[in-house]
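Have a look at the model first.

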Amino acid sequence: MSKYLIAVDSGHGMETAGKRTPPLPEPWFNIKKGDVIHEKEFNKPTAEYLIDALNRCGFDTINVSPGTTDIPLKDRYTTANNAKADIFVSKHYNAKDGVWGNPDDKKGVPNGIETIISQNASDKSKKLAELVQAELVKTHNRKDRGVKTDIQQSGINIAVLRYTNMPAILTESGFMDNLYEARTMLDPEFQKADAEATCRGICKYFGVAYIPEKEDYIPTAPIDQKSINKDIKWLQEKLNKANKDYQIPITGVFDQKTRISLLMFADNKGWNWDNTWGFTARQATINSLAKVK
Ligand SMILES: [Zn+2]
């Protein structure tokens, strides 16, 4: 069975005019007061997390705007059309008027999430947009601005929605000129959650099971000769990551090489368990190995 192919777009380039926050009123993370954040800095990691999530769920993907330069719109939709992608998903963040939203502003603080489709969108695009929008609103618990057409949103046709041959959507996951939203959007956890929500919506659209990211499995009991294969395999894989110069086969059987590697790991930690390789020592080893990535 051939897989579905998803075209992923992360819009704009670092130097695209506009498409950035107003100057920061205070330092955030490692960004200085007075600097700006470009929309690409929000969009790009989110699109990359989305590609990871989609691949995990069994989709093929094509990134139509890799890198940080502004890929011409025509190139993006042509790439998707030529590849015969099944759907096109563009990840963006919104902006109202490029000045920080202010609660006293009569126009109100811009906030919330919307998903955009072409004015001439097919029913399939609408369905995809509604499914993704619902997941994004649920995940971020933000104002639901709904599914809108490009003309309703900005008064212009959006090329990547209009000239793509497949169902196409563009998500706006918050406002760059809303202080609170801009700050949370910079958080990798937010970007990741956004990507997973988008992936869940896409899975629903295709009727494909969503596969969540695997939590790190950590054996609860100390591992020794009597442990189950799965736990011993876990130990052997972690030891190979920790002891780069001493690689052992992943057999699921606690053998001499596993024992040596384990002692090397303890030695490198400066632990001297000697004859006290008891429950506490072994549990400490597991806890320490669990942190090895
Ligand atoms: Zn944008």
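Helices here are DSSP runs of H or I with at least four residues, strands are E runs of at least two, and both are numbered from the N terminus. By that count, the chain has 10 helices and six strands. This is a predicted model, so to speak of local features we need pLDDT of at least 70, side-chain atom pairs count only at pLDDT 80 or more, and totals for chains, interfaces and linings use all residues. Residues are numbered from 1 along each chain, as its sequence is written.

Some overall numbers for the chain:

| Property | Value |
|---|---|
| Radius of gyration (over C-alpha atoms) | 24 Å |
| C-alpha box along the principal axes | roughly 75 × 50 × 30 Å |

The domain assignment (bounds from an automatic or database source) gives domain 1 (5-206) and domain 2 (229-290). Their centres, taken over C-alpha atoms, are 44 Å apart.

Buried residues (20 or more other C-beta atoms within 10 Å of their own, with C-beta atoms placed from the backbone) make up 37% of the 293 residues.

Now for helix H8 (residues 229-242). The buried residues of H8 include Trp 234, Leu 235 and Leu 239. What do the buried residues of H8 pack against? They pack against helix H9 (256-268) and helix H10 (279-290), where a contact means C-beta atoms, placed from the backbone, within 7 Å.

How values were computed
The radius of gyration is taken over C-alpha atoms; the globule rule is 2.2 Å times the number of residues to the power 0.38. A residue is buried if 20 or more other C-beta atoms lie within 10 Å of its own, exposed if 12 or fewer, and partly exposed in between; C-beta atoms are placed from the backbone. Two residues are in contact if their C-beta atoms, placed from the backbone, lie within 7 Å.
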